[in-house]
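Here are a few notes to read alongside the model. Keep the structure open while you go through them.

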Amino acid sequence: MRTIGLRYVRPLPCSAGDNSFAASFVGFDVIATFGDTADHAIGMVERMAKGSGALAIGAPGYVGLALPTRHQGKPNGLVAAWRAGDAVPSGNPPWTSDEHSLLLATATHLGLAIQQYRHQREMRRLSDTDGLTGLLNRRRFRELLQARLDQGGCLVYVDLDNFKAVNDRHGHQRGDAVLQTLGDWLREAAGPGDLVGRLGGDEFVFWMAGADKPMAEARAERLLLVSGALGPLSASPEQPLSVSIGLAVRPAGSEETLDALTARADGAMYVAKRAGKNRIAQMDDAGC
């Protein structure tokens, strides 16, 4: 029995992971390995990705064979097999017809599996995110926040000021551009462990993981500063776009429920609006 190494790679929707194989071939990620592997196979995969049929390659100490995986005739991944061995003498091909058939059958099944995986991933994405901004929707934000609430942090409510005037004067296309812009800024401001979501309308929510009061205030001030760039999208100089921000800090180990924390952050945001908009307000657990 000959020992054969097999790797399956799939196109990534984002950057490659930290696997050396994936990092050497941007756009693909190894998700399963069997048998021995070799850096020599990297070149084989790179060449295979540019072609459309089977590719047999010999590299120092290795021989390999690769096939694209397909769905409805379109390539959607790649399966590659190789084994240790030097150049094979003439008349003794490195891959038998049975091995070709096995790899082809594997590629056929994987092509379908990849498509099913992509479909499931897309369904989950649509279920968990807001369709306009790509941020977490209300349900998923609350689910994720509930799971990490005891680690402590600050819940931030962000609401646009004078947003209705934009829709009324310039239409919903301009309004959508405003929401997407603010969503992008919040996403860029998020750090490791943070959560960003859109609750609906012009109301956004931000969980600053591990943030105490001074840290939360400093980060909120930066958000307030960045939001000043919304000016050109305003309905008019008399009704400038800005944001009102409410903060509610929950220390690690606190017994406060998610609903109570949410009420504090939401209440603080309305305090900021009543105080004149374009500002930050904070409500502690005593309601002040």
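1. Start with arginine 187 and aspartate 184, whose side chains form a salt bridge at 2.9 Å, N to O. That term means a side-chain nitrogen of Lys or Arg within 4 Å of a carboxyl oxygen of Asp or Glu. The two sit about one helical turn apart, because they are three residues apart in helix H6 (helices are DSSP runs of H or I, at least four residues, and strands are E runs of at least two, numbered from the N terminus).

2. A word on the source: this is a predicted model, where local features need pLDDT of at least 70 and side-chain atom pairs pLDDT 80 or more, while totals for chains, interfaces and linings use all residues. Residues are numbered from 1 along each chain as its sequence is written, and side-chain values use heavy atoms, with hydrogens and water left out.

3. Now look at aspartate 128 and arginine 139, which meet in a salt bridge of 2.8 Å, N to O. This pair links distant parts of the chain, helix H3 and helix H4. Aspartate 128 is buried at 8% relative accessibility, whereas arginine 139 is partly exposed at 37% (buried is under 20% relative accessible area, exposed over 50%, partly exposed in between, with a 1.4 Å probe and protein chains only).

4. Asp128 and Arg139 also belong to a salt-bridge network with Arg140 and Glu143.

5. Aspartate 259 in helix H8 pairs with arginine 142 in helix H4, 117 residues apart. Their salt bridge spans 2.7 Å, N to O.
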